[in-house]
Amino acid sequence: AHPPIFHRPSSPMRNSILALATLLSQLTATNSFTLLSKHTMAAATSSTSSSELHSTVDKAETEQPLFLDKTSTQQAVTSYYGETLQQSSDLKTNACCTAVKPAPLIAQAISNIHPDVISKYYGCGFCIPDEVEGKTILDLGCGAGRDVYIASQLVGENGRVIGVDMTEEQLKVARDTQQYHADKFGFDNVEFHTGLIEKLDDIESLVDGSVDIIISNCVINLCQDKEAVLRSCHRLLRPGGELYFSDVYANRRMPQELKDDEVLWGECLSGALYWNDFQNLSKRCGFKDPRLVEDAPITIENKEVQDKINEFGHSKLEFYSATYRLFQLDCLEPHCEDYGQAVVYKGTIPRFESGWALDDHHYMEKGRVFPVCGNTYNMLKETRFAKHFEFIGNWDTHYGIFDGCGTSMPFKSSPENGGVSTKGGGGGGGCC
């Protein structure tokens, strides 16, 4: 999460949030994405009585519904992540949790991070791509700084990592442990700024074309003005740079009844974008060919919440966690066009000697000729990955649309595509 400073919400509002939160007893996702909710985890150690719990639920049923505008949503999210949540286990659902085991390199980096930072982590993946040494990385919604301090180690002494968040309580943890991490790593290459990620223009040190990679970990869905975020990302990235982020998506547009729920906003559900709206928005903001890296379904397994969705006629609403990479390349086309081109992976990206994946459908084995569309060709040739490939072909002849390029539901974990999660394989580290 992120924040300017807002006043603590009134007692009735806080009671509404807490009361509604008790209704979200457990949210589980399939595959390796199974976690217990905060209430379930607390049950083993808490002495809260059944009568107390039912009293809280009864109170929730008598509260007036909460309706959100842009300002109140920012205020509610700020309060939720700055005051209501004190540690990761306070989350009411698993939409903003990470359940996939990190790669050894990431696990080693996490082991070097201060426990106070780890305890206040509310992200949903490991959204740092490969080949980042010496690069400048911007983390949107950095919170207490877990991903900033992971990236700090990966970019090394000659790299730079910038964290932006709107929650002062979270940023205080990040700043208070900055010297600890500098001593631990042997260098200090991070900085933190208070601000809204919808208003990155307000941060004077962030200038156009100054960033190689932008990351975000289950935060953009918390923003009302997602277009402003994506436009700023495109402006700040150097040509050939990329936005690489994990977030929550839906199979259809979010109904207003769910948008009006503060807890579901804070838990990364109500702000989820319909996948096709996201793809169109990305293209409108200059990211012409969004690439899905991996995805997994999120299933709501709480009867009260599911009944609420069903009563409003939304029983077919589905949530997905997904990692996308969006390249800042003006040479990309709106669709994948075939020019008879191919690439050969050299096997030189560290830790991926046998093969490397650009996205969920481009896994390239070392030494093997791999046919690609014009966009994939440019994503490799005009970016930091160029030195790891040999390039075959030119732009002389166009053979039509590249086979397999379409506009259907992209998530392989969706029922219509077989229901198989793509998490845990390929290159990169993103998972949501």
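1. A crossing of two helices is called right-handed if the near helix is turned clockwise from the far one by less than a right angle. With that term in hand, one can look at this structure, which is a predicted model, and begin with helices α10 and α13, whose crossing is right-handed.

2. Two packed helices are described by the angle between their axes and the distance between the axes. For helix α10, which covers residues 226–236, and helix α13, which covers residues 275–284, the axes come within 9 Å and cross at roughly 45°. On the α10 side the contact is made by K226, E227, L230 and R231, while α13 contributes L281, S282 and R284. By kind, the residues of this contact divide into four charged, two nonpolar and one polar.

3. A second pair to examine is helix α5 (residues 104–111) with helix α7 (residues 146–155), whose axes come within 9 Å and cross at roughly 115°, and this angle makes α5 roughly perpendicular to α7. The crossing in which α5 passes α7 is right-handed. Here L105, I106, A109 and I110 of α5 meet R146, I150, Q153 and L154 of α7, and the residues of the contact divide into six nonpolar, one polar and one charged.

4. Helix α7 also packs with helix α9 (residues 178–185), at an angle of about 25° and with the axes 11 Å apart. The two helices, α7 and α9, are therefore roughly parallel to each other, and α7 passes α9 in a right-handed crossing. Y149, S152 and Q153 of α7 make the contact with Q178, H181 and F185 of α9, a set of residues that divides into two nonpolar, four polar and no charged.

5. Side chains of opposite charge can pair when their charged atoms come close. How many salt bridges does the structure hold? The count is 17 salt bridges, and one to look at is that of D176 with K172, in which the closest N and O atoms are 2.6 Å apart. Both D176 and K172 lie in helix α8 (residues 168–176), where they are four residues apart, about one turn of the helix.

6. E131, found in the loop between α6 (115–119) and β2 (136–140), has a phi near 60°, a positive value in a residue other than glycine. R351, which lies in the loop between β10 and β11 (355–357), likewise has a positive phi, near 80°, and is also a residue other than glycine.

Definitions and conventions: Residues numbered from 1 in each chain as written. Predicted model: local features only at pLDDT ≥ 70, side-chain atom pairs only at ≥ 80, totals over all residues. Heavy atoms only, no water. Axes fitted to C-alpha atoms, helices over the stretch in contact; angles between N-to-C directions. Contact = heavy atoms within 4.5 Å. Nonpolar A, V, L, I, M, F, W, Y, C, P; charged D, E, K, R; others polar. Salt bridge = Lys/Arg side-chain N within 4 Å of Asp/Glu carboxyl O. Parallel < 35°, antiparallel > 145°, perpendicular 65-115°, else oblique.
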